[in-house]
Amino acid sequence: MQNLYEVIRRPVVTEKSTDLKEAGNVIAFEVNRRATKPEIKAAVEKLFKVKVKRVRTINVPGKHVTLGRNRGKRSNWKKALVTLAQGSTIEFFENR
Amino acid sequence: MKATIENLGPWERKIAVEIPADEVSETVERTYRELAKGVRVRGFRKGKVPRTVMTRMYGDQVRNEVIQALINRTYGETLRTHQLEPVSEPVIEPEKLAEGQPWRYTARLEVRPEVKVQKWEKLALAQTEAVVDDAAVKERLERLAGMHAQLVVEEGATRLARGHFAVIDYEGSVEGTPFEGGAGKEVTIEIGSGRFIPGFEDQLEGMAAGEAREVTVTFPEDYGKSELAGKPALFQVTLKEIKKKVVPAIDDEFAKDTGEFENLEALRAKVSEDIQRELDEESRRTLREQAKGQLVAENPVEAPPAMVEREFRSAVESTRQRLSTQGVDPERLGLTPEALEREWRPRAELDVKASLILDQIARDRGFEVTAEDIDAFLEPMAREAKQRVSTLRAAYEERGLLPVLERRIKDEKALDLVLEKATIQKEKSASDREK
């Protein structure tokens, strides 16, 4: 992927991701489905100026939804669980 | 909680309150717990939102709530323990709140100043003891007769003159065209009253009943309708009738006509009694004002500006309301904002001072206001409004005005006592000042 700014879509803030963060300095992002682990690592390191220890990814299948008479499917997406090196933090996920 | 009080003047205090760190933390914690029960955040089940997330989303709100809660809890307590009696809303300056740190705020407020009553007994007062004299009764009777006057048509070849009432039809035009409100039929105007356009009444003088005349006048520059102001106008006037005001003779007949009186003597007695009552009331009021004035002169007190302001405003407001129900514009009576400021404010200040002194006297004597006192105070008002005392009291209670009322009554009681202890020089005076 040419542009690192296209890799990371948005942070994932849920109960589960908060638990991960507190347990092992792991933060979660929704990422471009075609992004690879090395690309995600590079993007996070460059954009947030932190050191990344490990990246795990999960392809999340979109849910089937029914809205009135219309049935549909939400898009599949890729979640990346990024383990930061000790001492690294990203401001957004911290308490002010 | 630690609180220190600083005296900034006889009536101004600065309170500095410090709340220990653990009390702050505890309050913050409780506020978050309360909040957590209700908030919904995407990605979290209700009630499962972690503190870190809530802090990010609701931190400011929680801080403000905590500040409010802490002030509510400690401010009243501080006033009680230091026996401060505020007369104004406090100006509160909170420090920035940080969890795990003690938190401080300061409040500036005006309090009831300490009053040292030095002299309240043996005031030397002068009271005029008014006596009704015949002239006043006569004048009042004449005024009464004037109100019962009737307009009677003058027969014969009378010419219209000053003091007459003319019944006219008229039609006015400006530059040849009639204008709105410029015509009237069977309108009665008093010649010489000056209520019409200047010159109009004068030009009618000398007319006989049935005669028609053309009258030319110029509207004044400051006339109410701007499109007519300063313009010359032509009026076609027909005089229908000449009337004269006939004032009834003051005799037994008149007494019977005015109401339930047997003869003139009974009416005269009633009038005399009325005047006497008014004068007595007036003299009572002046005496009380005089006593208040002396109390203020003899006992130096400082009036907190907030109290003066409140007194001033309520006086202005009640007058304004009374006038507006009568349909009078206060400005026309010379009650411009500047004049009020100049004349009523010192008066409000005097009232506040007098009230502070009287309140202190009442406290020193341990006066209490009982339910009977309140009822007795409301009784005359109730009678005037044709309501029951209990209804009136309920109305006061509902609006939370009972404490105000109680203070008034207390002041009155204290003033009664002051008057009791004063030496009052009685002066006789004729009622001729009554106008």
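Guide: Start with buried area: the accessible area (1.4 Å probe) that two parts lose on being put together, summed over both. This is a predicted model, where local features need pLDDT of at least 70, side-chain atom pairs count only at pLDDT 80 or more, and totals for chains, interfaces and linings use all residues. Residues are numbered from 1 along each chain as its sequence is written, chains are lettered from A and ligands numbered from 1 in the order in which they are written, and side-chain values use heavy atoms, with hydrogens and water left out.

Visitor: What area is buried between chain B and chain A?

Guide: The size of an interface is often given as the accessible area lost when the parts come together. Here chain B and chain A bury about 890 Å² between them. Carbon and sulfur atoms give 44% of that area. On the side of chain B, Phe44(B), Thr52(B) and Arg56(B) lose the most area to chain A. Together they make up 57% of what that side buries.

Visitor: How many residues does each chain bring to the contact?

Guide: Contact means heavy atoms within 4.5 Å. Ten residues come from chain B and ten residues from chain A.

Visitor: How do I read chain A by itself?

Guide: List its elements. Helices (H or I, at least four residues) and strands (E, at least two) are DSSP runs, numbered from the N terminus. Chain A has two helices and six strands. From the N terminus on, they run β-α-β-α-β-β-β-β. Then check burial: buried means under 20% relative accessible area, exposed over 50%, partly exposed in between (1.4 Å probe, protein chains only). Of the 96 residues of chain A, 38% are buried.

Visitor: Which residues have the most contacts inside the largest nonpolar core?

Guide: In soluble globular proteins, nonpolar side chains tend to be buried together. A nonpolar core is a set of buried Ala, Val, Leu, Ile, Met, Phe, Trp, Tyr and Cys residues joined through side-chain atoms within 4.5 Å. The largest has 32 residues. Those with the most contacts inside it are Leu125(B), Leu295(B), Ile357(B), Leu358(B), Ile361(B) and Val418(B). Helices H6 (264–298), H7 (305–325), H8 (337–365) and H11 (402–421) of chain B each supply at least two residues of this core. H8(B) gives the most, with nine residues. A second, separate core of 29 residues includes Ile15(B), Val28(B), Val53(B) and Ala107(B).

Visitor: How many salt bridges are there over all chains?

Guide: The count is 40. Take Arg63(B) and Asp60(B), which meet at 3.1 Å, N to O. They are three residues apart in helix H2 (residues 51–81) of chain B, so about one helical turn separates them. Arg63(B) is partly exposed at 28% relative accessible area, and Asp60(B) is partly exposed at 47%.

Visitor: Where do Arg140(B) and Glu278(B) lie?

Guide: Arg140(B) is in helix H3 (residues 134–147) of chain B and Glu278(B) is in helix H6 of chain B, 138 residues apart. Their side chains form a salt bridge at 3.1 Å, N to O. Arg140(B) is buried, with a relative accessible area of 17%. Glu278(B) is partly exposed, at 41%.

Visitor: Which parts does the salt bridge of Lys413(B) and Asp373(B) tie together?

Guide: Lys413(B) and Asp373(B) have their closest N and O atoms 3.0 Å apart. Lys413(B) lies in helix H11 of chain B and Asp373(B) in helix H9 (residues 371–385) of chain B, so the pair ties together parts 40 residues apart in sequence. Salt bridges can also link into a network, as with Glu85(B), Arg112(B), Asp359(B), Arg363(B) and Arg407(B).

Note on methods. A salt bridge is a side-chain nitrogen of Lys or Arg within 4 Å of a carboxyl oxygen of Asp or Glu.
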